[in-house]
Amino acid sequence: MHKPVGITAVAAAAVVACSVWLSAQQPGVHPISGRRFAPVMGYQGADWLDRTERIEEENPDLALMALRIPRGAVVADVGAGSGYMTVKLARLVGPEGKVYANDIQPQMLELLRRRATREGFTNIEPVLGALDDPRLPANTLDLILMVDVYHEFWQPQAMLRKMHAALKPDGRMVLLEYRKEDPSIPIIFEHKMSVAEAKLEVEAEGFRLAQVEQMLPRQHVLIFTKRP
């Protein structure tokens, strides 16, 4: 979950919340790429995830359309936050499918539960994860989606290994990340990722970058598969 540079008061509050939440800890550096890990956005900034501008800035429906997720699929929304993308996934997979909605903050999952109940979804299972483990069932998932989330992992290698184990052999893992290659995108630098960084870090943990889509206004769509 990302933060813009000087756009809205809500975004500013999210940055403050970031510094409060897990304030006793400091982000580290990836041992392979040297990328500095971004702070995690606290639940106090959850309203920003549901901002109306998100449709124009990210076009999430177009991103999901490009993934061609079939009805009946079993998927995970890792770093689900308040459930903005989770309910979109639940609608796509239908009642015969399932969405595991993972987050490390219980307060976010409570917001997500309320949203799922309010919108009438029964195919969403909230999952409280850990910094080093998303706690997803092994060999179960057709797709794992992370929207502006991976760059905030403080133990990305451990997380990737656990997600690798959770995917079916033909499963996909998808990262949506703001393009670091484009300095005009108004997002704090540490909350962006380049294709080269993502490829280097993720492929080291048993994945292969199978496809890169650039149809979104500001984000890469990076589709990884499990390496045989």
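Trainee: In which helix is Met108 found?
Mentor: The model is predicted: local features need pLDDT of at least 70, side-chain atom pairs count only at pLDDT 80 or more, and totals for chains, interfaces and linings use all residues. Residues are numbered from 1 along each chain as its sequence is written, and side-chain values use heavy atoms, with hydrogens and water left out. Helices (H or I, at least four residues) and strands (E, at least two) are DSSP runs, numbered from the N terminus. On this scheme, Met108 is found in helix α6 (residues 106–119).

Trainee: Does Met108 count as buried or exposed?
Mentor: Buried means under 20% relative accessible area, exposed over 50%, and partly exposed in between (1.4 Å probe, protein chains only). The relative accessibility of Met108 is 0%, so Met108 counts as buried.

Trainee: How far apart in space are Met108 and Gly42?
Mentor: In sequence, Met108 and Gly42 are 66 residues apart. From C-alpha to C-alpha, the separation of Met108 and Gly42 in space is 8.6 Å.

Trainee: How many helices and strands are there in the chain?
Mentor: Of the 228 residues of the chain, 54% count as buried. Contact means heavy atoms within 4.5 Å; among contacts between residues at least 6 apart in sequence, 72% join residues at least 24 apart. As for its elements, the chain has eight helices and seven strands.

Trainee: Against which elements do the buried residues of α8 pack?
Mentor: Helix α8 covers residues 195–203, and its buried residues are Val195, Glu197, Ala198, Glu201, Val202 and Glu203. These buried residues pack against α7 (156–166), β5 (167–178), β6 (207–213) and β7 (219–226).

Trainee: Which residues lie nearest the centre of the largest cavity?
Mentor: A cavity is a set of points, on a 1 Å grid over the protein atoms alone, where a 1.4 Å probe fits but cannot get out; lining residues have an atom within 4 Å of a point. The whole structure has two cavities of 30 Å³ or more, and the largest holds about 170 Å³ of space. Its lining has 10 nonpolar, three polar (Gly among them) and two charged (Asp, Glu, Lys or Arg) residues. Of these 15 lining residues, the ones nearest the centre are Val40, Gly79, Ile104, Val149 and Phe153.

Trainee: Why is the pair of Tyr150 and Phe153 given its particular class?
Mentor: The whole structure contains one aromatic pair. Rings of Phe, Tyr and Trp (its six-membered ring) pair if their centres lie within 6.5 Å, with planes under 30 degrees apart counting as stacked, over 60 as edge-to-face and the rest as tilted. Tyr150 counts as buried at 0% relative accessibility, and Phe153 also counts as buried, at 9%. The ring centres of Tyr150 and Phe153 are 5.5 Å apart and the planes stand at 70°, so the pair is edge-to-face.

Trainee: Over the face of which residue does Arg51 lie?
Mentor: A charge sits over a ring if NZ of Lys or CZ of Arg is within 6 Å of the ring centre and within 35 degrees of the ring normal. The charged end of Lys88 sits over the ring of Tyr84, 5.3 Å from its centre. Arg51 lies at 3.9 Å from the ring centre, over the face of Trp48.

Trainee: In which loop is Asn59 found?
Mentor: Asn59 is not a glycine, although it has a positive phi of about 50°. At 29% relative accessibility, Asn59 counts as partly exposed. The place of Asn59 is the loop between α3 (54–58) and α4 (60–67).

Trainee: With which residues is Met215 in contact, leaving aside its neighbours within four places in sequence?
Mentor: Met215 lies in the loop between β6 and β7, and its 30% relative accessibility makes it partly exposed. Met215 and Asn59 are 156 residues apart in sequence, yet 9.4 Å apart in space, C-alpha to C-alpha. Leaving aside neighbours within four places in sequence, the contacts of Met215 are Leu62, Ala66 and Val221.

Trainee: With which residues is Asn139 in contact, leaving aside its neighbours within four places in sequence?
Mentor: Asn139 is found in the loop between β3 (124–128) and β4 (141–147). Its phi is positive, about 50°, although Asn139 is not a glycine. Leaving aside neighbours within four places in sequence, the contacts of Asn139 are Ala165, Ala166, Leu167, Lys168 and Pro169.

Key
On a 1 Å grid over the protein atoms alone, a cavity is a set of points where a 1.4 Å probe fits but cannot get out, and a pocket is an open set with protein on both sides within 12 Å along at least five of seven lines; lining residues have an atom within 4 Å of a point. Grid points are joined across faces, edges and corners, and a volume is the space filled by probe spheres set on the points.
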